[in-house]
Amino acid sequence: MAGFDTLLDRIVDDMRSDDHAGAEDPDKFIRSALPQTAWQAAARGLRGRCPSCGEGRMFTRLLKPFTHCPKCGQDWTAQQADDFPAYVAIILTGHIMAPIIIFMVNETNFSMWTNLAIMLCLSLMLIGAFLQPAKGAIIALQWWMGLNGFEKPARPEGLLLSGDAKK
């Protein structure tokens, strides 16, 4: 079990260093290029990138976001995606799987157990593939809209209405 303990220690050390990456050294922050729209912010989140700068990674592990962006220093501790990414992943998976299930049941000559095994494996793969992008997009939209403790980021001047500039 010595090898397992060493591997576990490495993983724990990596998690500790990833959680604080970028938070300790403010000199290495780069000037962020804010997204022009909420869609651009969500697209950055879908790709697992920081919605603020578009360069830093958003996640330390599969579903655990950094506390601060390693590139621009954006604070992500206010995010509260909760169960919403799972709901999005389940809805997308269900809409993709429904026609596949109908086709497999009606058009193939596989046994019931073969169909079940294929459907379960495909469903689990789809849910796993959709979870992180959904969480990234949801966190990005929360940040863009100033929800759940996030401060609304400054909007590019071209997007401000004439009445907004006076306020």
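1. Let me begin with the overall burial: of the 167 residues in the protein chain, 31% count as buried. Please keep in mind throughout that this is a predicted model. The accessible surface of the chain comes to about 10900 Å², and carbon and sulfur atoms account for 61% of that area.

2. On the fold, the protein chain has five helices and zero strands, so that reading along the sequence gives α-α-α-α-α. Taking contacts between residues at least 6 apart in sequence, 57% join residues at least 24 apart.

3. Helix α4 deserves a careful look. It covers residues 112–145, and at 1.5 Å a residue its 34 residues should span 50 Å. The end C-alpha atoms of α4 are 47 Å apart, which agrees with that expectation. Just after α4, G146 takes a positive phi of about 75°.

4. Which residues make the nonpolar surface patch of about 480 Å²? They are M112, W113, L116 and L120. L116 is found in helix α4 and has a relative accessible area of 37%, so it is classed as partly exposed, falling between the 20% and 50% cut-offs. As a reminder on helix geometry, an α-helix has 3.6 residues a turn, so residues three or four places apart point the same way.

5. Now to F84, which sits in helix α3, residues 84–107. Is F84 buried or partly exposed? With a relative accessible area of 47%, F84 is partly exposed. The C-alpha atoms of F84 and L131 are separated by 9.7 Å, although the two residues are 47 apart along the chain.

6. My last stop is W76, in the loop between α2 (38–46) and α3. Why does W76 count as buried? Its relative accessibility is 3%, and buried means under 20%. Leaving aside residues up to four places away in sequence, W76 touches C50, P51, M58, F66, T67, H68, C69, I139, W143 and F150. For C50, which is 26 residues from W76 along the chain, the C-alpha separation is 9.4 Å. I would enjoy going through this loop residue and its contacts with you.

Key. Residues are numbered from 1 along each chain as its sequence is written. This is a predicted model: local features need pLDDT of at least 70, side-chain atom pairs count only at pLDDT 80 or more; totals for chains, interfaces and linings use all residues. Side-chain values use heavy atoms; hydrogens and water are left out. Helices (H or I, at least four residues) and strands (E, at least two) are DSSP runs, numbered from the N terminus. Buried means under 20% relative accessible area, exposed over 50%, partly exposed in between (1.4 Å probe, protein chains only). Contact means heavy atoms within 4.5 Å. Accessible areas come from the Shrake-Rupley method with a 1.4 Å probe; for residues, only the protein chains shown count as cover. The expected span of a helix is 1.5 Å times one less than its number of residues. Patches are made of residues with over 30% relative accessible area and no salt bridge: like charges are joined within 9 Å, nonpolar side chains (Val, Leu, Ile, Met, Phe, Trp, Tyr) within 5 Å. A salt bridge is a side-chain nitrogen of Lys or Arg within 4 Å of a carboxyl oxygen of Asp or Glu.
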